[in-house]
Amino acid sequence: MTNISDDHVKVHFRMDIDEDGWPPASVESLWAVDLGDGTVRLDNTPWFVRRVASGDIIRVQPDDDGVLWAGETVQPSQNCTM
């Protein structure tokens, strides 16, 4: 499955794995709503990515294959992920 609706996209976050092997992956992908201006609104609760929450507006950059990679948080939501 690539998109859950026409305006939803997958955004990939790179993560550093610590000396204990945590988190168990170096990339986590989250569903987001494409806002059409190089930003997305996260529409998914992260399992492992830190410092982001559902509803945050994130700047994204596509790579050569069209994969969207997360950049800076443009506007944090009022949500918190524990």
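Trainee: What makes arginine 59 and glutamate 72 a salt bridge?

Mentor: Their closest N and O atoms are 3.1 Å apart. A salt bridge is a side-chain nitrogen of Lys or Arg within 4 Å of a carboxyl oxygen of Asp or Glu. The pair therefore qualifies, as 3.1 Å is within 4 Å. Keep in mind that this is a predicted model, where local features need pLDDT of at least 70, side-chain atom pairs count only at pLDDT 80 or more, and totals for chains, interfaces and linings use all residues. Residues are numbered from 1 along each chain as its sequence is written, and side-chain values use heavy atoms, with hydrogens and water left out.

Trainee: How many salt bridges does the structure hold?

Mentor: One. Arginine 59 sits in strand β4 (residues 57–62) and glutamate 72 in strand β5 (residues 68–75), so the pair ties together parts 13 residues apart in sequence. Strands here are DSSP runs (E, at least two residues), numbered from the N terminus.

Trainee: Why is arginine 59 called partly exposed?

Mentor: Its relative accessible area is 37%. Buried means under 20%, exposed over 50%, and partly exposed in between (1.4 Å probe, protein chains only). So arginine 59, at 37%, is partly exposed.

Trainee: What makes arginine 51 exposed?

Mentor: Arginine 51 has a relative accessible area of 76%. That value passes the cut-off, so arginine 51 is exposed. Its place is the loop between β3 and β4.

Trainee: Which residues gather in the patch of negative charge?

Mentor: Asp6, Asp7, Asp34, Asp37 and Asp43, on the surface. Patch residues have over 30% relative accessible area and no salt bridge, and like charges are joined within 9 Å. Asp and Glu count as negative. The place of an Asp charge is taken as CG. Aspartate 7 has 37%, so it is partly exposed. Aspartate 7 lies in the segment before β1 (8–14).

Trainee: Which residues of the largest nonpolar core touch the most other members?

Mentor: Val11, Phe13, Val40, Leu42 and Val52, out of 13 residues. A nonpolar core is a set of buried Ala, Val, Leu, Ile, Met, Phe, Trp, Tyr and Cys residues joined through side-chain atoms within 4.5 Å. β1, β2 (27–34), β3 (39–42) and β4 each supply at least two residues of this core. The largest share, three residues, comes from β1.

Trainee: Which residues does a cis peptide bond join?

Mentor: Tryptophan 22 and proline 23, with omega about 0°. Proline 23 is in the loop between β1 and β2.

Technical notes. Patches are made of residues with over 30% relative accessible area and no salt bridge: like charges are joined within 9 Å, nonpolar side chains (Val, Leu, Ile, Met, Phe, Trp, Tyr) within 5 Å. Accessible areas come from the Shrake-Rupley method with a 1.4 Å probe; for residues, only the protein chains shown count as cover. Helices (H or I, at least four residues) and strands (E, at least two) are DSSP runs, numbered from the N terminus.
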